[in-house]
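Please read the briefing below alongside the sequence and the coordinates.

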Amino acid sequence: MDMFELQAQKNLLKDAPLAERQKPGSLEDYVGQEHILGKGKLLWRAIKADKITSLLLYGPPGTGKTSLAKVIANSTKSNFVRLNAVTDGLKELREVVATAKNNLGMYNTKTILFIDEIHRFNKAQQDALLPFVEKGILILIGATTENPYFEINNALISRSMLFKLEPLKEEHIEMIITRAIEDKEAGFGKTNICMKKEAISYIANMANGDARRALNALELSVLTTDRDEDGKINITLEVAEDCLQKKHIKYDKNRDEHYDVISAFIKSMRGSDPDATVHYLARMIYAGEDPKFIARRIVIAASEDVGNADPLALIVANNAAEAVRFVGMPEARIILASAAIYIASAPKSNASYMAINNALKDIEEKNIGNVPPHLRDQNYSGAKKVGYVEYLYPHSYEGNYVAQQYLPDELLGTNYYDVSENGYEKKIKERLNKLKSREK
C-alpha cells in the first residue's frame, strides 16, 4: 500500500459510521465473548501466538465477528485478505488463491482469508475453497449469522474450529458506548458530550446484545441533538428513547432465533409455565411472526402434551386457530394468549402421543399379523361361506361392553395407551381398569 492509498483509507475511516470506527484493533480493546477470548482461552492463545487455524465464527449481528477478524488481521504476520460473500465470487476467490500460492512459495508467507457472510456462498463456491484450505494455502476465517451446520458444507466445518459468539451483555454495551464517547481519535471525545447514565443504560438494554445497534443509536443521538448555550450536547433519556423507538429483537423467520423461540414457547407450554409461555409468544408477535404458524403450534401442543388429560384443550386450541384466521392481527394476539395460557395451565399427558408412535414403530418393525376374523368386514353375500365368525356387538351387553379379542394374535398383550392419572385421564384409567376387571 503506497502513501496515497494509505491516506485514502484514513479518509474513508474518518467518514465511516461510528460503529465502523470503533472496531477494536487489539485483543485488549475487544469487549465481551470471554467464553472464547478470556485470557488463557484457546482462541486467545492462538491469536497471541499467531497460530490461527481455519475458523468459523457464528452468532447474531453486532456481537463482534468482523471485529474479531480485524483483531486477528492486526495481530498476524500472515497476509490478511477480506472478501464478502454477498459481493464477491469465484473470480475474486481465484485471484486470492493465486496470490496466496505466490506468497507461500516465494516468501513462505501464509494467507488468512476472511469471508464475511460466508453462508451466502453457494455449495459450488464453498467446495472451491476446500482444496486450498486442506493444503494449507489458505487459512479460512468465515463469519456468519446462520447456524453453520445448516448453511456451511460439512467438509468445511470438519476442517475448521467452530466458535459461537453470544449476544453481548448490557455491561459490555455500556462499556462500548462509554468508550465511544471518550475516544478522541475515532469517537466523540472532542465533541463535548454529556450523556446521562440512564440514557446509556437505556440504549444498552434496548440494543439487545447488538453493539452496532447501540453505537448507531449513540451516533444518531449526537448528530440530531442541538448544543446548549454552553456548547454542550446533552444526551438525556428522552433523546435516547427518541432514537430507539422500538426495541430490536433478534428474530428471523428462517434462522436460529426463530427455531429457538418457538422451541422455548412449546417447551414452556409443555412445562406448565404460563408466564414463560406468554413471554415467548410476545417475542414472536413483536417480531411479526405469522399468527397462523403460532396457532398451529398451540394445536399440536394440545394433542401432544395435554391429550386426554383435558379433552377440551384441543377444542380450545382449534377454535383459537379458526378465530385467528377470522379476526387477524392485532386482536388475534389476545386469542393466541388465551389458548396458549390454557394449554400451559392444563394437566399434561403424552400418553396418546406415545401410543401412536409406539404403534407405528411396531407396524414398521414387527410381524403384525392379520385382523382377527370376527373384526373383519362381513357385510357381503357369501361371508358365511368363507369362515364367518360372530362379532359380539358391545351395545347388546351390560354397560355397552363385552370382552373379546381386538388385537391380532401376534400383538396380544401389547399396551400402547399407557394412560396417566393426570386430569381427565384419571377417570379414563378408572373406567378401563373396571372393564378389565370384568374380564376375569
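C194 touches K232, I233, N234 and I235, leaving out residues up to four places away in sequence, where contact means heavy atoms within 4.5 Å. The model is a predicted one, in which local features need pLDDT of at least 70 and side-chain atom pairs count only at pLDDT 80 or more, while totals for chains, interfaces and linings use all residues. Residues are numbered from 1 along each chain as its sequence is written, and side-chain values use heavy atoms, with hydrogens and water left out.

**C194 and its strand**

- C194 is placed in strand β6; strands (E, at least two residues) and helices (H or I, at least four) are DSSP runs, numbered from the N terminus.
- With a relative accessibility of 26%, C194 counts as partly exposed, a class that lies between buried (under 20% relative accessible area) and exposed (over 50%), computed with a 1.4 Å probe on protein chains only.
- Between C194 and A337 there are 143 residues of separation in sequence, and their C-alpha atoms are 43 Å apart in space.

**The nonpolar cores**

- A nonpolar core is here a set of buried Ala, Val, Leu, Ile, Met, Phe, Trp, Tyr and Cys residues joined through side-chain atoms within 4.5 Å.
- The largest such core has 30 residues, and the members that touch the most others are I177, I193, M195, I203, L218 and I235.
- At least two residues of this core come from each of α2 (18–21), α10 (170–182), β6 (193–195), α11 (197–206), α12 (211–224), β7 (233–235) and α13 (237–243).
- M195, when neighbours within four places in sequence are set aside, is in contact with I177, I181, I200, I203, L218 and I235.
- Another core, of 26 residues, lies apart from it and includes V306, A317, A320 and A340.
- In soluble globular proteins, nonpolar side chains tend to be buried together.

**Helix α11 and I203**

- The buried residues of α11 are A199, I200, Y202, I203, A204 and M206, and what covers them includes α10, β6, α12, β7 and α13.
- I203, which lies in α11, counts as buried because its relative accessibility is 0%.
- Beyond residues up to four places away in sequence, I203 touches I177, M195, A214, A217, L218, A240 and L244.
- I203 and A323 are 120 residues apart along the chain, and their C-alpha atoms are separated by 38 Å.
- Just after α11, N208 takes a positive phi of about 55°.

- Strand β2 (residues 79–84) pairs with β3 in the parallel sense over 6 bridges, pairing being assigned if DSSP finds at least two bridges between two strands; R82 has F114 of β3 as its bridge partner.
- From β2 the chain passes through helix α6 (residues 90–107) to β3 in a right-handed β-α-β crossover, that is, with the strands pointing away from the viewer, the path from the first strand over the helix to the second runs clockwise.
- β3 also pairs with strand β4 (residues 138–144) in the parallel sense over 6 bridges, and F114 stands opposite I141 in β4.
- β3, helix α7 (residues 123–134) and β4 form a right-handed β-α-β unit.

- Helix α18 (residues 332–345) has 14 residues, which at 1.5 Å a residue should span 20 Å, and its end C-alpha atoms are 20 Å apart, which agrees; the expected span is 1.5 Å times one less than the number of residues.
- The buried residues of α18 are A332, I335, L336, A339, A340, I343 and A344.
- Seen down the axis of α18, its buried residues fall within an arc of 160°, so they line one face of the helix; the arc is that of the directions from the helix axis to the C-beta atoms.
- T277, in helix α15 (residues 274–286), counts as buried at 0% relative accessibility and touches F265, S268, M269, A340 and A344, not counting residues up to four places away in sequence.

**Backbone features in loops**

- The peptide bond from M329 to P330 is cis, with omega near 10°, and P330 is placed in the loop between α17 (312–327) and α18.
- Q33, in the loop between α2 and α3 (34–37), has a positive phi near 60° although it is a residue other than glycine, and it counts as buried at 4% relative accessibility.
- N108, in the loop between α6 and β3, is not a glycine either and has a positive phi of about 55°; N108 is exposed, with a relative accessible area of 64%.
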